[in-house]
Amino acid sequence: MNELSDILLFGLPALALAGLGYLGVRARRGRGTTPDRTAPRAEPEVPPQDVVTPSTTAPSTTAEPAPEAPATDQPPAEPAPPTLERPEPAAGRMVRLRGRLARSGSPIGVRLLSVLSRDHLSEDDWDEIEETLLLADVGAGPSADLVDRLREQVRVLGVRDVDSVRGLLREQLLELVDPSVDRSLATAPVTLEDGTSHPAVVLVVGVNGTGKTTTVGKFARVLVADGRSVVLGAADTFRAAAADQLQTWGARVGVPTVRSDRDGADPAAVAFDAVHQGLEDGADVVLVDTAGRLQNKAGLMDELGKITRVLSRKTPLSEVLLVLDATTGQNGMNQARVFAEVAGVTGIVLTKLDGTAKGGIVVAVQRELGVPVKLVGLGEGPDDLAPFEPEAFVDGLLEG
Ligand SMILES: Nc1nc2c(ncn2[C@@H]2O[C@H](COP(=O)(O)OP(=O)(O)OP(=O)(O)O)[C@@H](O)[C@H]2O)c(=O)[nH]1
């Protein structure tokens, strides 16, 4: 009953507000609501929504040019809708990591190989190898395992030349990252028992500043590049600018954003409205950004618990992605544990992997949580989000 009243109290007003925030699409089509006054004014390139098709088909990536303004005293024509961006396909983006790591200074692969190719490997050398792995956040257990296995192989095979050592190291690192894990993202619409088709709902959680909103924006582009229709839900109602930020990301590729105009609105209500909108539009995927402030575990549990409860009453959650900042090391691991416990995480997005020598956190977080890394952030560019590929990752570490 409480939950029902939550929806009645917060859901309905937020639905109305979200209607306002729906980039003006309804207003422009003459359905009587007011246009979105909160669309970021500093973004003149944001197209009017009626250029965009927020429904089952992928938004057109080129907009029709506006007709010439008539030379009469009629009201001035609307400005020409700008061309929507055409995001790059996501396949193969991981290879960028190599170049990005090379710029980061001391990739672990270079350090490991320089020790491993010494003529006689002393105890100190093996300690140095283990220390390098630890500094890269591989974690104590996996680092010790890798050193043991390498020691054994080097002893048995007696290899010293750099190419053979590189081969052994590559094999061992790959085993730690585990290429056999299923890293696919559940973004296909789901058919419920009653035969109705629902959008895949992806909830994105994580601590502020890890790159959550940016990741949701980049992920929308990945999906659009793949021909999917997407609705964004700005359930990070704690920071008003986060909704603007998300809306701008979406508008660049013709994806609508459901948001509330009220600071501190109920995030569960906004998330609910986003899913409702996705259903109404027949969208393939609804991506929901959350605030996830980690002031205390109970607060987080309340907030995320309510969002998941309210959403799953409408449609099942397809993915809960935890965004972690690769540069935060052990601190990131502590956050990961709390979120995994609270939110039922199904995949990790590791951001800021560019420019850090701490890529080993991929191994640590997967081992600790038993959840695979599915996406990685490789920079601040709009298409710098890549599906995680173990081979390309290890090659990036070794050859960066
Ligand atoms: N170098 C780099 N920067 C990134 C990456 N992903 C995100 N960022 C940057 O990280 C900063 C924080 O990103 P946001 O998306 O605002 O973080 P957030 O977690 O949503 O933070 P809140 O909205 O405050 O909750 C921004 O400057 C992003 O450009 C990445 O993969 N690499």
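What covers the buried residues of α6? The cover includes α5 (123–135), α7 and α13 (361–369), where helices (H or I, at least four residues) and strands (E, at least two) are DSSP runs numbered from the N terminus. The model is a predicted one, in which local features need pLDDT of at least 70 and side-chain atom pairs count only at pLDDT 80 or more, while totals for chains, interfaces and linings use all residues. Residues are numbered from 1 along each chain as its sequence is written.

**Overall make-up**

- The protein has 14 helices and 10 strands, and of its 400 residues 46% count as buried, a residue being buried if 20 or more other C-beta atoms lie within 10 Å of its own, exposed if 12 or fewer, and partly exposed in between, with C-beta atoms placed from the backbone.
- Among contacts between residues at least 6 apart in sequence, 74% join residues at least 24 apart; two residues are in contact if their C-beta atoms, placed from the backbone, lie within 7 Å.

**The two domains**

- The domain assignment gives domain 1 (94–177) and domain 2 (190–389), with bounds that come from an automatic or database domain assignment, and the C-alpha centres of the two lie 33 Å apart.
- The contact between them takes 18 residues from domain 1 and 18 residues from domain 2.
- On the side of domain 1 that touches domain 2, the elements that give two or more residues are α3 (96–103) and α7 (162–177), and α3 gives the most, with 4 residues.
- By class, that side of domain 1 has 10 nonpolar, 4 polar and 4 charged residues, where Ala, Val, Leu, Ile, Met, Phe, Trp, Tyr, Cys and Pro count as nonpolar, Asp, Glu, Lys and Arg as charged, and the others, Gly among them, as polar.

**Helix α6 and its cover**

- The 18 residues of helix α6 (residues 140–157) should span 26 Å at 1.5 Å a residue, and its end C-alpha atoms are 26 Å apart, which agrees; the expected span is 1.5 Å times one less than the number of residues.
- The buried residues of α6 are Pro-142, Ser-143, Leu-146 and Leu-150, and they line one face of the helix because, seen down its axis, they fall within an arc of 100°, the arc being that of the directions from the helix axis to the C-beta atoms.
- On the other side of α6, Ala-140, Gly-141, Glu-152, Arg-155 and Val-156 are exposed.
- In α13, the buried residues are Ile-361, Val-362, Val-363, Ala-364, Val-365 and Gln-366.
- α6 is followed by Gly-158, whose phi is positive, near 65°, and α13 is followed by Gly-370, whose phi is also positive, near 65°.

**The ligand shell**

- The ligand is surrounded by 21 residues, of which the closest are Gly-211, Lys-212, Thr-213, Thr-214 and Gly-377; a residue is near a molecule if its C-beta atom, placed from the backbone, lies within 6 Å of it.
- Helix α8 (residues 212–225) gives the most to this shell, with 3 residues, and by class the shell has 3 nonpolar, 11 polar and 7 charged residues.

**Ala-386 in strand β10**

- Ala-386 lies in strand β10 (residues 385–387) and is buried, with 24 other C-beta atoms within 10 Å.
- Not counting residues up to four places away in sequence, Ala-386 touches Ala-90, Arg-93, Met-94, Leu-375, Val-376 and Leu-378.
- The C-alpha atoms of Ala-386 and Leu-350, which are 36 residues apart along the chain, are separated by 10.0 Å.
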